[in-house]
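I opened my notebook to look at a few spots in this model. Here is what I looked up, in the order I went.

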Amino acid sequence: MRVEIWSDIACPWCYIGKERFEKGLARFAHRDEVEVVHRSYELDPGRPKDTIDTVVEVLMRIYGRSREEAVAMEEHVAGNARAEGLPYRTDDRDHGNTFDIHRVLHLAKARGRQGELLDRVYRANFAEERSVYDDEVLLAVAVEAGLDEAEVRGVLADREAYAADVRADEQEASGMGASGVPFFVFDRRYGVSGGQPAELFTQALEQAWKSREAAESA
C-alpha cells in the first residue's frame with residue numbers, strides 16, 4: 001500500500017504531522033508493506049526567492065495580529081511539537097520561498113535519500129538556528145543527508161532542474177482538492193488533512209488496507 005504525503009518545509013503542522021503519522025504507522029500491523037512517498041506543496045509560491053522574513057512578521061501580516069499575538073501563535077504550535085518529542089524554536093525563525101528546497105528533495109528522492117533529507121531540513125528549520133532558505137545552508141544540510149555536494153550545487157544553479165516534478169506534485173494536489181498541507185492520501189482511496197492524532201492515522205491505514213483487501217477479493 002502506498003501513502004502519499006503532500007507537505008511544505010515551511011509548515012509547522014507538516015513537521016508535527018509527519019511525526020504523528022510515523023507513530024500511527026508504527027502501530028499498524030502491515031507497516032512493513034507500506035510505501036511512503038513525500039510530495040511537494042508550496043504554501044507561499046509567489047514569494048520572491050531572496051525575500052526572507054521572520055515567521056512572527058509573516059503571522060502578523062497574514063492574520064493581522066499584534067506581535068504578542070503572533071508570538072503566542074508560535075508558542076502554541078511549539079507546544080504541540082514538543083508534546084510529540086520534537087524540538088522547536090520560536091525565536092527569529094525564518095520564512096522564505098521553498099521552491100528550491102522542494103527541487104533538492106526531488107533530487108534526494110531520485111538518489112534514495114528523500115526521507116533522510118526531509119528529516120534534516122525539518123530539523124534545521126524548526127529546531128536549529130539554520131536558515132534553509134540560504135543556498136549554502138541548504139547545500140550543507142543536503143550533504144549531511146548523504147547527497148553529493150557537486151550534484152546539489154548543480155541543481156541549485158539550474159532553476160529548471162526538477163522544477164517540473166515540483167509543479168506536477170502541486171498540480172496533482174490541486175486536482176484532488178487539497179487546499180492546504182499536510183495532506184495524506186492512502187492508496188488513492190482515502191485522504192486525511194492536517195496534523196491529526198497518531199490514532200487517526202492508524203485507523204486510516206487500517207481502513208485503506210481493508211478496502212484494498214476487499215477490492216482484491218472482488
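**Ser131 and its partner**

I started with a polar contact of 2.9 Å between the side chains of Ser131 and Asp94; such a contact is a pair of N or O atoms within 3.5 Å, where within protein one must be able to donate a hydrogen and the other to accept it, and residues adjacent in sequence count only if both atoms are side-chain atoms. A note on ground rules: this is a predicted model, where local features need pLDDT of at least 70, side-chain atom pairs count only at pLDDT 80 or more, and totals for chains, interfaces and linings use all residues. Residues are numbered from 1 along each chain as its sequence is written, and side-chain values use heavy atoms, with hydrogens and water left out.

I found Ser131 in the loop between H5 and H6 (helices are DSSP runs of H or I, at least four residues, and strands runs of E, at least two, numbered from the N terminus). Why does Ser131 count as buried? Its relative accessible area is 19%, and buried means under 20% (1.4 Å probe, protein chains only).

**Asp8**

Next I went to Asp8, in the loop between S1 and H1. Asp8 is buried without a salt bridge (a side-chain nitrogen of Lys or Arg within 4 Å of a carboxyl oxygen of Asp or Glu). I noted Arg47 as the nearest side chain of opposite charge, 9.2 Å away; Lys and Arg count as positive, Asp and Glu as negative, and His and the chain ends are not counted. What I did find was a polar contact of 3.0 Å to the side chain of His102. The backbone nitrogen of Leu43 also lies 2.8 Å from a polar atom of the Asp8 side chain.

Methods: Buried means under 20% relative accessible area, exposed over 50%, partly exposed in between (1.4 Å probe, protein chains only).
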